[in-house]
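Dear colleague,

The findings follow directly after it.

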Amino acid sequence: MSSSPAAEAPIKKQPRQSVIRSSLVYASLTLVSRLMGFARDLAITYVMGASATIAADAYNTALRFPNLFRRVFAEGAFAAAFVPAYSKALEADGEEKADVLAADAMATLAAATLALTVVADLAMPWLMHLISPGFTGAKYKLAVLLTQICMPYLPAMAIAAHLSGVLNARGRFVVSAVHPTLLNLMMLIFVLPQHDPVMAAKWASAGVIVAGVSQAALLMWGVRKSGAKVDWKLPHLTPEVKQLIWLALPGAIAASATQINIFISGILASFVRGAQTWLTVADRLYQLPLGLVGVAIGVALLPRLSRAVHAKDQAGAQEATDEAVTFALAFTMPAAAALVAMPFYLIDGLYTRGEFTTFDAMNTAQALLWYGLGTPAFVLTRILAPAFFARQDTASPMRFGLISVGVNIAVGATLFLGVPGTTFHGIGVQGIAAGTAIASWLTVVQMVVALHRRKNWTLGARAASRIVRILGATAIMGAALWACEHWRFQVVQPLFAQLSLGVAGHHILGAKEVSVAVVSMLGGVIYFAALFATGAIKPSELKRVLRRGGRDPAEPPLEDTPSGPEIV
């Protein structure tokens, strides 16, 4: 595909879809990756365990450090600044100049992350004392080695995230949504043949590098396939790239808040053997609704909200935000209820096997309960943030995030360590999760109050009524799941006692695994029955947003591509 000015070959306009319709498309493309990630985690905990070995904590620490910078810069602030700039260049200057901008930005991002990788690898023996001060002896040495192996994943993933932004700006979504599955696939390939936990951790770290290179290569293929020409070149700080960096700074600070929370949690957890892994496993479960609901709706909401704000359509902005909040809670609350009502049932049924013991499951479940209480807040922060971004306000989310960091550190450390000179000696690792949940709810409160005071958004009466009914349906489902947890060993699990499946002598599937799946599905049936019975969500509305090509009734007919965005 030859490059040409925008005036001669304009970029095809994308259809305007409802927030929920767009979100479901995005979420469905993410689901496969999440499921494979779950399979990866099962394999890792089976071989590496948690408190019984040094391997799992060291490996999770090794992944945490490059992910810290990846989420702040590559997939966070820089991507948020680049995608609008690239989209604007496509419309105003044509494909050739837009692709030059993309190439310059990629070269700068690659050079910066490569330099950071080299410095971090050389300094890792000293940095590990800061990252995980509780690690000593063999665990410390293994964590240093594994982190040094994993660090080159950062530049590879930065390039992949950047190219994913190019594809998304061009309306191509499949490759960018599916490429994370390569990491999960490589991890399974490298880990499953191993039997020794330490060797499994080393091979898994090597698999991370192979996956990073594979992801970058796949995204480059996807970009070429889309018609874009983003060539490799030496970094050059053009005025456009400098502007991108300047725009990315507030977002980087805001994104850093969450990552600093995770970083501080890791420091505290390093003093308890197995705690890094307990928190990582609990994190995986609550990240599922966050990724499939919070991120998906947040991504879909921003364009629609930006159009409404730009057109000074207050009614449209109100409707979009009400719809996003209502549907986000409708799909998040059942997940949160399950995490709170039966945390040990879930963790024991899904993870307790091999090196991951019942003791590990109990401690992970305690953290998961707190994460479950915070899950609605985690999702709402993703939903409400676009209400600020659409009005070009990045300072407020940054301020709220920094306050959240302070609260999380103070509350988490207090609950973890206790208060010196008093009878309160802390609640251990679960206190770290509790601090994160409390800080997230504080962020939601700050966002809601700020939007109300500025008269940008206040929850509408109709949406509030629906949310009350959603909470009622959630309570019914939660009670049913709690009953299943309470009578798990007496009634529920014995129903599946004859079921058993093993592979190569290893237990894979049995009564507890099947019962978790059945109880979860039963909870879903009860929830949606209660949801429709209370009128919180009407079947006709669900059909409308699920209907292919469905759109908001207030918007004009779709143009150019009635079947939806083009995909690679």
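Three helices, α1 (19-48), α2 (55-92) and α10 (275-310), each supply at least two residues of the lining of the largest cavity. Helices here are DSSP runs of H or I with at least four residues, strands are runs of E with at least two, and both are numbered from the N terminus. The lining consists of Arg40, Asp41, Ile44, Thr45, Tyr59, Asn60, Leu63, Thr277, Thr280, Val281 and Arg284. About 100 Å³ of space lies in this cavity, and the search of the whole structure finds 3 cavities of 30 Å³ or more. A cavity is a set of points, on a 1 Å grid over the protein atoms alone, where a 1.4 Å probe fits but cannot get out, and lining residues have an atom within 4 Å of a point. Points are joined across faces, edges and corners, and the volume is the space filled by probe spheres set on them.

The model is predicted: local features need pLDDT of at least 70, side-chain atom pairs count only at pLDDT 80 or more, and totals for chains, interfaces and linings use all residues. Residues are numbered from 1 along each chain as its sequence is written, and side-chain values use heavy atoms, with hydrogens and water left out.

As to confidence, the mean pLDDT (the predictor's confidence in each residue, from 0 to 100) of the chain is 80, and 80% of its residues reach 70 or more. Confidence is highest in helix α4 (residues 137-150), at a mean of 95, and lowest in strand β1 (residues 500-503), at 46. The pLDDT is below 50 over residues 501-507, a stretch with 10 contacts beyond near neighbours in sequence. It is also below 50 over residues 548-568, where the model has 59 such contacts. A contact means heavy atoms within 4.5 Å. Where pLDDT is low, the predicted coordinates should not be read in detail.

The chain has 19 helices and 2 strands. Of its 568 residues, 54% are buried, that is, under 20% relative accessible area, with exposed meaning over 50% and partly exposed in between (1.4 Å probe, protein chains only). Among contacts with a separation of 6 or more, 81% join residues 24 or more positions apart.

The largest nonpolar core has 69 residues, of which Val325 and Ile347 touch the most other members. Such a core is a set of buried Ala, Val, Leu, Ile, Met, Phe, Trp, Tyr and Cys residues joined through side-chain atoms within 4.5 Å. Helix α13 (residues 358-389) gives the most to this core, with 13 residues. Leaving aside neighbours within four places in sequence, Val325 is in contact with Leu380, Ile383, Leu384, Trp457 and Ile467. Another core, of 66 residues, lies apart from the largest one and includes Ala55, Ala102, Met186 and Ala200.

Met186 is also one of the buried residues of helix α7. Because 9 of the 12 residues of α7 are buried, this helix is largely enclosed by the rest of the structure.

Two backbone details remain. Lys455, in the loop between α15 (430-453) and α16 (461-486), has a phi near 60°, a positive value in a residue other than glycine. Lys455 is exposed, with a relative accessible area of 71%.

Yours sincerely

Key:
1 Å grid on protein atoms, 1.4 Å probe; cavity = no way out; pocket = protein on both sides within 12 Å on 5 of 7 lines; lining within 4 Å.
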